[in-house]
Amino acid sequence: MKKNSASVAVIGSGIAGLSAAIRLALQGKQVVVFEQNPYTGGKITAFEKQGYRFDMGPSLFTAPHLVDELFELAGKIPSNYFQYHTHDEACRYFWLDGERITLFPSIDRNVEAITTVFGNESGKRVRKYFDDARKKFELTAPFFLESSLHKMKTFLSPRVLKVISAIPRLGLFTTLDDQNKRYFKEPKLVQLFNRYATYNGSSPYQTPGIMQMISYLEHGMGTHFPVGGMHAISQSLTKLAQELGVQFELNAKVERILLEKKQVRGLVVNRAERMFDIVVCNSDIKHAYHKLLPKNMRRPKKTLAQEPSSSALIFYWGIGQTFPVMDLHNIIFSEDYKEEFHRISSNGPFWEDPTIYVHISNRLEVNDAPKGKDSWFVMVNVPYDQGQDWEDIVGKVRRKIIERISSVLGKDIAPLIETEEILTPPQIHSRTSSVGGALYGTSSNERMAAFLRHSNKSSSVKGLYFCGGSVHPGGGVPLCILSGKIAAEWIEEDE
Ligand code: FAD
């Protein structure tokens, strides 16, 4: 560990806050993480009920090397702290007319599966889809995801020239939906690959075609699931941070960031002033400007006006029977995907045709449910909270998804629900301060969304940095880990 005794306060112990805290401790800084909840991890948390265990937030784990990297940087053997299963299936897809397909973390197997189920598809075009997703990922991830877009240095890198020369092929000027139609004839496959827009809370009918690269995370980099569930990610990183000397103050809601002459001075936490040289804010950027920073401060209006990403309704069900036809990740598609996203983006009235995601963690973590039973995480995408009548919506969605899942499984599941908890957008907001309960910060529906996200460093306050899903490079576990990395690197450079 390098010696540097600057004191750093991290506001929030989400995955980005943990990533930043670990890296800053390794720089030799004295780090204190303030977390308003009685637990660390933010959205990555879990609960148990009547013999069932549920992860509350993320369920899809991609890019595990980014978690491993944090242990390696600290000179530890990652598997001593954190282990994961590698699974041979990516996702099972179901349509209401009885059509089904399973995709894999293997391009060869996917080409075979797709051309077998949908005989009118050309194997060559299907393979090209996966190859192009990989190329887009490999070309753009180091620029758009792993570097700051607010540093001149990033734009001077030779890599940028490659990105610029590839712009016509990146799909920046077409929607994901239009682009997917160039690869697939079958509308069901277009729908299936449109789904990757939801991995950052966007609409495939608005987000640009470059989002095709997200599918590479799943099909090219493998399907993984942590031993102990997703919660093991935040728990093991909290343990590592503590071993590196990071202090955690729980039930510690930061009320204000203290400034003096455009320089950070500290925080107000539970009505007490605490002095720090540097503040890293892992809280939602809108929450930071509206609640934590002085009202008279200049605000990045365009950035703060960005539309939040979509949110979700989640039903955590202990199911008194196991259904082997479903695997770790399952999707039951809506009949009118376009209208579903139109309703989500325009915050229209309840849409009676939702796509349903069912995650069953006990397929790999067998102790997550009693023997012969299933632990189901059932999620539908909904708009972020704008004061809708969620009680009414929950009732309608619940009836609809029970009807649809029962129809796919050929059995009424209602009497099998032994235990239930529900999470709504307002609850996501109140638990994590994510404005409107947005899952992924701001949406990527705009072509320039990547450039409109807030920087990881304040341009007007010295000593103030940001990380987390609402700032660069965006939401989702891997990107949040990278945002903590970019913020910590920036702090080191500024010294
Ligand atoms: P958060 O997890 O939002 O944590 C921020 C922390 O800051 C919280 O603990 C909060 O309490 C604390 N905080 C905020 N303000 C203050 C304050 N004033 N004082 C003290 N503490 C404060 N991503 C994936 O990669 N795969 C998935 O499958 C996936 N599915 C998801 C499903 C759901 C239901 C949800 C909710 C999210 C999902 N995501 C998924 C998104 C992913 O969980 C998030 O992008 C990521 O975890 C966000 O991390 P973060 O560091 O930005 O902050």
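Me: Why is Thr223 called buried?
Reply: Buried means under 20% relative accessible area, exposed over 50%, and partly exposed in between, using a 1.4 Å probe and protein chains only. Thr223 has a relative accessible area of 4%, so Thr223 counts as buried. The model is predicted: local features need pLDDT of at least 70, side-chain atom pairs count only at pLDDT 80 or more, and totals for chains, interfaces and linings use all residues. Residues are numbered from 1 along each chain as its sequence is written, and side-chain values use heavy atoms, with hydrogens and water left out.

Me: Which residues does Thr223 touch, not counting those up to four places away in sequence?
Reply: Contact means heavy atoms within 4.5 Å. Thr223 touches His85, Thr86, His87, Glu89, Ala90, Pro105, Glu218 and His329 on that count.

Me: What makes the rings of Tyr129 and Tyr183 an edge-to-face pair?
Reply: Rings of Phe, Tyr and Trp (its six-membered ring) pair if their centres lie within 6.5 Å; planes under 30 degrees apart count as stacked, over 60 as edge-to-face and the rest as tilted. The structure holds 30 aromatic pairs. For Tyr129 and Tyr183 the centres are 5.3 Å apart and the planes stand at 90°, so the pair is edge-to-face. Tyr129 and Tyr183 are 54 residues apart, and their pair links distant parts of the chain.

Me: How do you know whether Tyr129 is buried or exposed?
Reply: The relative accessible area of Tyr129 is 0%, so Tyr129 is buried. Tyr183, at 9%, is therefore buried as well.

Conventions: Helix = DSSP H or I, 4+ residues; strand = E, 2+ residues; numbered from the N terminus.
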